[in-house]
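Please consult the sequence and the coordinates alongside the text.

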Amino acid sequence: MDRNRLFWASRRGMLELDLVLLPFLDNVYNTLAPADQRRYIQLLEEQDQDLFAWCLRREDPTDPELLRIVQIIRDNTGLQK
């Protein structure tokens, strides 16, 4: 996915998600391994309410692939425990 499409896919329209996903995209995405970049793109296909719960540690994704990228997001956006 090109950078422009990735930016627009990361903009969710929910301020809380935008404050997590957009800085992650700007500051971390390019440093990820290709497999983790694919996981991020896969993550963007999920529903906003799920992303919100996962990013804010209210729930964890059941899919281990999604859990991996969610954990990377948490670790790099000030959402650590």
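## Cover of helix α4

The buried residues of α4 are covered by elements that include α2, α3 and α5. The residues concerned are Leu51, Phe52, Ala53, Trp54 and Cys55. The structure described here is a predicted model.

## Overall architecture

The secondary structure of the chain amounts to five helices and zero strands, and the order of elements from the N terminus is α-α-α-α-α. The radius of gyration is 11 Å, close to the 12 Å that the globule rule gives for 81 residues, so the chain is as compact as a globular protein of that length. The C-alpha trace spans about 30 × 25 × 20 Å along its principal axes.

Of the contacts in the chain with a separation of 6 or more, 48% join residues 24 or more positions apart. Buried residues account for 40% of the 81 residues.

## Surface and charge

The accessible surface of the chain is about 4,900 Å², and carbon and sulfur atoms contribute 48% of that area. The chain carries 11 positive and 14 negative side chains, with the centres of the two sets 3 Å apart.

## The nonpolar core

The largest nonpolar core contains 21 residues, of which Leu21, Phe24, Leu32, Tyr40, Leu43, Ile69 and Ile73 touch the most other members. Two or more residues of this core come from each of α2 (15–27), α3 (34–43), α4 (48–55) and α5 (64–76).

Which residues does leucine 21 contact once its neighbours within four places in sequence are left aside? They are Ser10, Arg12, Tyr40, Leu44 and Ile73. Two of these, Tyr40 and Ile73, are also named among the core residues that touch the most other members.

## Leucine 22 in helix α2

Leucine 22 is found in helix α2. Its relative accessible area is 17%, and leucine 22 is therefore buried, the limit being under 20%. Apart from neighbours within four places in sequence, leucine 22 is in contact with Phe7, Ser10, Arg11 and Leu17. The C-alpha atoms of leucine 22 and arginine 5 are separated by 13 Å, and the two residues are 17 residues apart along the chain.

## Two residues of helix α3

Helix α3 contains both proline 34 and arginine 39. Is proline 34 buried or exposed? Proline 34 counts as exposed because its relative accessibility is 53% and the cut-off for exposure is over 50%.

Arginine 39, by contrast, is buried, with a relative accessible area of 16%. When residues up to four places away in sequence are not counted, arginine 39 touches Glu65, Leu66, Arg68 and Ile69. Ile69 is also listed among the members of the largest nonpolar core that touch the most others.

## The loop after helix α4

Arginine 57 lies in the loop between α4 and α5. The residue takes a positive phi of about 65° just after α4, and this positive value occurs in a residue other than glycine. How exposed is arginine 57, and what is its relative accessible area? Arginine 57 is partly exposed, with a relative accessible area of 28%.

Conventions
Residues are numbered from 1 along each chain as its sequence is written. This is a predicted model: local features need pLDDT of at least 70, side-chain atom pairs count only at pLDDT 80 or more; totals for chains, interfaces and linings use all residues. Side-chain values use heavy atoms; hydrogens and water are left out. Helices (H or I, at least four residues) and strands (E, at least two) are DSSP runs, numbered from the N terminus. The radius of gyration is taken over C-alpha atoms; the globule rule is 2.2 Å times the number of residues to the power 0.38. Buried means under 20% relative accessible area, exposed over 50%, partly exposed in between (1.4 Å probe, protein chains only). Contact means heavy atoms within 4.5 Å. Accessible areas come from the Shrake-Rupley method with a 1.4 Å probe; for residues, only the protein chains shown count as cover. Lys and Arg count as positive and Asp and Glu as negative; His and the chain ends are not counted. The place of a charge is taken as NZ of Lys, CZ of Arg, CG of Asp or CD of Glu. A nonpolar core is a set of buried Ala, Val, Leu, Ile, Met, Phe, Trp, Tyr and Cys residues joined through side-chain atoms within 4.5 Å.
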